[in-house]
Amino acid sequence: MSIITTATTKGGAGKTTVAQMIIGAVHDLGYSIGVIDTDENQTLSNWLSNNSNMAIDCRVVLDDSKVVEEAQMMNRKHDLVIIDTPGAQSQSTVFAIGCADLVIVPLQLSKADLMQAQKTYRLVQSTGSISGRNIPARLLFTDYTPKTKIAKKVRQQVAGYGLPVFNTRLHHLVAYKELTFSGKIPKKGRAGAQGQLLVQEIADMGILPFMQEYRHAS
Ligand SMILES: Nc1ncnc2c1ncn2[C@@H]1O[C@H](COP(=O)(O)OP(=O)(O)OP(=O)(O)O)[C@@H](O)[C@H]1O
Ligand SMILES: [Mg+2]
């Protein structure tokens, strides 16, 4: 029903973590999820099959030309499809962006993250132009340290560039690292709350039509 792609050309920015948190929160609400892993490291698919206790329909798609076809096929079967992309610009990233209803661009508090997030946002806009549609995209702060000078600086630069950004931020928390081993998505504590707030904010954008009841009354 909806396709969400996590993408940035910067490696290690939090793409897979964001995908894991969304999968966990949406799965908890009882909706069906399909996952497409286009990263040859297969971090997300390995995690789903080795660690996670969630039964998720997941496919690794390393043939660029098959990304859109697989995503559309998954989209017919599931409420939500998440596409995780590699940490560098690739054709598969462009295809994963091109078929998305929302592109989430994670960034941490560094210049390289900011530059690559900006570049990825432009990539989303260009891909949208080719296909003649507006592809919604938002930046998402990950590994975020609130009340620091660097946080303020990067936030100001994001605003200065006019880049849309989620209000929800995934703070620098050990729970996000622990889930890579435990396979358990945090449901409580700050990480659990941030995951739920993120899904709430996505639902409020109208990206998850199957979750109407989850939307804030506007
Ligand atoms: N909010 C956070 N707090 C603490 N650690 C985090 C947070 N977000 C991500 N990490 C950690 O940072 C590392 C990189 O995150 P992740 O694998 O999600 O990035 P990625 O963009 O998918 O990387 P790649 O480009 O290699 O695919 C991981 O070890 C992850 O556990
Ligand atoms: Mg990854």
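Residues are numbered from 1 along each chain as its sequence is written, and chains are lettered from A and ligands numbered from 1 in the order in which they are written. Because the model is predicted, local features need pLDDT of at least 70 and side-chain atom pairs pLDDT 80 or more, while totals for chains, interfaces and linings use all residues; side-chain values use heavy atoms, without hydrogens and water.

I begin with ligand 1. There are 17 residues around ligand 1, and G12, K15, T16, T17 and H171 come nearest (near meaning a heavy atom within 4 Å). Helices α1 (15-28) and α7 (174-182) each supply at least two residues of this shell (helices are DSSP runs of H or I, at least four residues; strands are runs of E, at least two).

Next, the polar contacts (pairs of N or O atoms within 3.5 Å). An oxygen atom of ligand 1 lies 2.5 Å from a side-chain N or O atom of T17. For K15, a polar side-chain atom is 2.8 Å from a ligand oxygen, and for G12 a backbone N or O atom is 2.9 Å from one. Ligand 1 alone exposes 630 Å², of which the protein buries 81% (Shrake-Rupley method, 1.4 Å probe).

I turn now to the fold. Strands β2 (residues 33-37) and β3 (residues 57-60) pair in the parallel sense over 4 bridges (pairing requires at least two DSSP bridges). Within this pair, D37 of the chain stands opposite V60 in β3.

Terms used
A polar contact is a pair of N or O atoms within 3.5 Å; within protein, one must be able to donate a hydrogen and the other to accept it, and residues adjacent in sequence count only if both atoms are side-chain atoms.
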